[in-house]
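Work through the exercises below with the model open. Each task is followed by a solution in steps.

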Amino acid sequence: MEAARAGTAGKGFAVVADEVRSLAGKSAEASQSTQELIRASIEAVEKGNVLVEDTAKDMEETAANASLVMESIVEIAQDAIQEADAVKNITKGLEQISSAVQTNAATAEESAASSEELSGQASILESLMTQFKLARELYEPNQPAVASESAAVSSSTYYDKY
């Protein structure tokens with residue numbers, strides 16, 4: 001209205017006022033568009049923050065699980081070392097038992113050989129004893145035989161010959 005009262009000078013004022021109005025409308029639209037972009041950006045940032053927090057939690061859980069896995073691996077390694085030592089001790093014990101069994105077997109063989117030798121010597125002694133008659137047996141046949149010195153001496157000289 002003021003432009004109509006001002007006349008020709010008011011026409012320029014009206015053009016400027018139209019341009020100002022047009023610019024104000026465009027500014028309002030740009031402001032609204034910018035506000036929507038800011039709102040969308042804020043929402044995207046908030047979603048990004050949620051994703052970052054979730055990722056951080058997942059990374060912490062992964063790190064904790066990795067730590068547990070490492071502890072388990074260390075325990076398994078220690079158990080494996082202990083088991084290896086136990087196997088070594090068992091092997092050493094078995095070697096000692098094997099050695100003792102071999103020694104016992106050798107001793108048993110030696111004992112068996114000694115027994116055979118003693119048995120043979122006892123047979124020889126028994127056959128030699130049948131050749132001797134004791135003096136008392138000659139004079140008193142019903143009395144139990146007692147070895148006399150002369151029979152003992154003669155039997156030892158006979159045994160020394162063989």
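## Exercise 1: a pair in helix H2

Solution. Helices (H or I, at least four residues) and strands (E, at least two) are DSSP runs, numbered from the N terminus.

Step 1: The term requires a side-chain nitrogen of Lys or Arg within 4 Å of a carboxyl oxygen of Asp or Glu. Side chains of opposite charge can pair when their charged atoms come close.

Step 2: Asp18 is partly exposed at 43% relative accessible area, while Arg21 is exposed at 56%. Buried means under 20%, exposed over 50%, and partly exposed in between (1.4 Å probe, protein chains only).

Step 3: a search of the whole structure finds one salt bridge.

The model is predicted: local features need pLDDT of at least 70, side-chain atom pairs count only at pLDDT 80 or more, and totals for chains, interfaces and linings use all residues. Residues are numbered from 1 along each chain as its sequence is written, and side-chain values use heavy atoms, with hydrogens and water left out.

## Exercise 2: confidence

Task: find where confidence is lowest and where it is highest in the protein chain.

Solution. Step 1: the protein chain has an average pLDDT (the predictor's confidence in each residue, from 0 to 100) of 83, and 75% of the residues score at least 70.

Step 1: helix H4 (residues 149-161) has the lowest mean, 47, and helix H2 (residues 8-129) the highest, 92. Over residues 146-162 the pLDDT is below 50, and this stretch has 13 contacts (heavy atoms within 4.5 Å) beyond near neighbours in sequence.

## Exercise 3: elements and burial

Task: give the order of elements in the protein chain and the share of its residues that count as buried.

Solution. Step 1: the protein chain has four helices and zero strands, in the order α-α-α-α from the N terminus.

Step 1: of its 162 residues, 4% count as buried.
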